[in-house]
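Please look over the sequence and the model shown here before reading on. The paragraphs after it are meant to be read with the structure open.

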Amino acid sequence: MSSANVFHATDKDFDDLVLKSDQPVLVDFWAPWCGPCKMIAPSLDQLADTYEGKAKVVKVDIEANPQLGMRFNVRSIPMLVMFKGGQIAATQMGAPPNVKSVLSQMIDRAVA
């Protein structure tokens, strides 16, 4: 069951949802066929709930939104990018073994 706090961005609304956000935003560039992407999804749902009101979690399906994949030079997925004030603050390529801890640290640094 996915969290109601996880947003799904498209080529059309990405800038409004992410770059113009007044909160830091963790973006997950993923695709439906990607095994590691599916593995980290429950952690992203938990983080979205934990950081509600402080940071956003946004998922971008790069198959459905190829312009965003090209725009942010997504070469392998999952690619997790922390945005703060419309700028890239941190990037995590691939699914680390302790994904929730790694992503929590990224969010905490952006929120601070």
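This is a predicted model: local features need pLDDT of at least 70, side-chain atom pairs count only at pLDDT 80 or more; totals for chains, interfaces and linings use all residues.

Residues are numbered from 1 along each chain as its sequence is written, and side-chain values use heavy atoms, with hydrogens and water left out.

Helices (H or I, at least four residues) and strands (E, at least two) are DSSP runs numbered from the N terminus. Both faces of strand 2 are covered, with Val-25, Val-27 and Phe-29 buried on one side and Leu-26, Asp-28 and Trp-30 buried on the other.

Strand 2 runs parallel to strand 3 (residues 56-61), to which six bridges join it, and two strands count as paired if DSSP finds at least two bridges between them. Within strand 3, Val-57 is the bridge partner of Leu-26. The chain passes from strand 2 through helix 2 (residues 35-50) to strand 3 in a right-handed β-α-β crossover, that is, with the strands pointing away from the viewer, the path from the first strand over the helix to the second runs clockwise. With strand 4 (residues 79-84), strand 2 pairs in the antiparallel sense over five bridges, and Val-27 stands opposite Val-81 there.

The aromatic rings come next. Five aromatic pairs are found in the whole structure; rings of Phe, Tyr and Trp (its six-membered ring) pair if their centres lie within 6.5 Å, with planes under 30 degrees apart counted as stacked, over 60 as edge-to-face and the rest as tilted. The rings of Phe-14 and Phe-29 have centres 6.4 Å apart and planes at 35°, so this pair is tilted. Phe-14 belongs to helix 1 (residues 14-19) and Phe-29 to strand 2, 15 residues apart, and both are buried. Phe-14 also pairs with Phe-72, their centres 5.2 Å apart and their planes at 50°, so this pair is tilted as well. Because Phe-72 lies in the loop between helix 3 (66-71) and strand 4, this pair ties together parts that are 58 residues apart in sequence. Phe-14, Phe-29, Phe-72 and Phe-83 form one aromatic cluster.

Methods. Buried means under 20% relative accessible area, exposed over 50%, partly exposed in between (1.4 Å probe, protein chains only).
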